[in-house]
Amino acid sequence: MTIWVPTLDPTMPRYRALADAIRLDIVSGQLQAGTRLPPQRRLADALGVTVGTVTRGYAEAERHGLVTARIGSGTYINGGISAQRVSTESFGHVFCAGAATGMFADVKGAIEASLDTIDLTMSLPPPHPARQQGMADALTSISQSQEALLHCVDYQNAFGRDSQRRLLANWMGELGMPVAAEELMLTQGGQNGITLALSALLAPGEALVAGALTYPGLISASTERGLKLLRVPLDEEGMDIEALARLCRQQVPRMVYVMAEQNNPGGAQLSHARREALVALARQYDFWILEDGVQYLPPEECGTQLYQLAPERTLYVFSTSKILAGGLRLGVLRIPPALLPRLGATLRSHSWMVAPLLVETVCAWLTSGNAAPLITWQVEEVRARQRLARSVLDEWSLSSRPSSFDLWLALPEGQRSQAMVESLAARGVHVTSAEPFCVGNEPPPQALRLCLSAAASREALANALEIVREVLLAPPALRCMTL
């Protein structure tokens, strides 16, 4: 059976040339709405390119609205596409009516300048205008409500108003985190939730356990409070609970900090068997569990939360920062009811309360109904970025969750992470080595964390990933040179 085999423009990167060929054949009528494109491996063989190149080309065409990928079925030409619009698009460029007079060159130059530096060090939600619009709509709603304005200028109690806690509890339930409103306390972001838990429950010198690689904010918070931070090994199933049990027999910790759904930075998910074993250990040795759920994953990618398995001894940290907007420093701490007075007193001693305007803004945003479409878009966008990254870097050892912001890249034997960080920075791509995540004094693994969500667009990410690939493949003497 004959398959569609396009002619690729040799002046363009092959994945972009493939996407552009799809565009041109839609304009010419060769590819009709509903046409199924060839399977990626068959087309790769026909074109003499890698499967990853075809995957990236299809993803680029999907980003431009030309095709739709259907899981388990294939990639299809979209219906209802304007041939006039499609004919004016150019992949890797921005079309404008003034191209013939030089305006196109100005726009293209501005875009290239903005891509000179691509920072993949921060685990940020992917940019989208809906974030600014959601903020604007929420603030407009508040400004038009005398009751909301009164709440914003008045003092509030440390836990937030009951109506706000109910709204947030319902929202968390919709996101796959069932909680009761009376268990919640509002915080000034996830970091503040961690700090409050450590301050309220651990005294200086007491032991706190975390994975060998963990969130740097926990490391700094424990250091500031004079805590004894102990490490437990990690593997593909998350924290090694047998190693934790051996540690408990030597020194019982006061608390264990764990990111059950996706370890930051490695992405490992704690298996259900290990979750049950961790809960059993916590009850046997009477320690607290601090479960960090700030790095959001959709319910279908999550297991049973630890606070559901051990509600009486688990505190759960959640935040709006990875879902709505990083600047909204509003978090939620799920607490065993018996601890609420102690945590409330700790919050009052730190900041008295969470700024009411932040709480009102988030609640207005949720009430508007605009949050759900943004989250749906974000999950799909991050999944697309993960697919893109894996298609470019499929020759190396990678780990992450399908909807994770981050990608963990284990370097090949003989390559050093700090040298790679410096080489990539010289090429305008900033990534993070393992050092900031390390607990204890053991040598860090030679690996990099790439925050895929931080790039301004998929095109910017694709450029960054190509540079990462080039540097990985370059001989050591050439890595810091401009290729």
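Predicted model: local features only at pLDDT ≥ 70, side-chain atom pairs only at ≥ 80, totals over all residues.
Helices (H or I, at least four residues) and strands (E, at least two) are DSSP runs, numbered from the N terminus. Residue numbers start from 1 along each chain as its sequence is written. Local features need pLDDT of at least 70 and side-chain atom pairs count only at pLDDT 80 or more, while totals for chains, interfaces and linings use all residues, and side-chain values use heavy atoms, with hydrogens and water left out.

**E261**

I then listed what E261 touches, leaving aside residues up to four places away in sequence: A268, Q269, R275, L297, E301, C302, G303 and R401. A contact here means heavy atoms within 4.5 Å. With R275, I found a side-chain to side-chain polar contact at 2.9 Å (a pair of N or O atoms within 3.5 Å; within protein, one must be able to donate a hydrogen and the other to accept it, and residues adjacent in sequence count only if both atoms are side-chain atoms). I also noted S271, ten residues from E261 in sequence, with 8.9 Å between the C-alpha atoms.

**Positive phi**

I looked up D286, a non-glycine residue whose phi is positive, near 60°. D286 lies in the loop between α12 and β10 (288–292) and is exposed, its relative accessible area being 51%. W352, likewise not a glycine, has a positive phi of about 70°. I placed W352 in the loop between α14 (340–351) and α15 (356–368); with a relative accessible area of 44%, W352 is partly exposed.

**Whole chain**

I recorded 18 helices and 17 strands. Of the 483 residues, 53% are buried. Among contacts with a separation of 6 or more, 71% join residues 24 or more positions apart.

**Confidence**

The average pLDDT (the predictor's confidence in each residue, from 0 to 100) is 88, and 90% of the residues score at least 70. Residues 92–115 have pLDDT below 50, and this stretch makes 18 contacts in the model beyond near neighbours in sequence. Residues 477–483 also stay under 50, with 13 contacts beyond four places in sequence.

Terms used:
Buried < 20%, exposed > 50% of the residue type's maximum accessible area, 1.4 Å probe, protein only.
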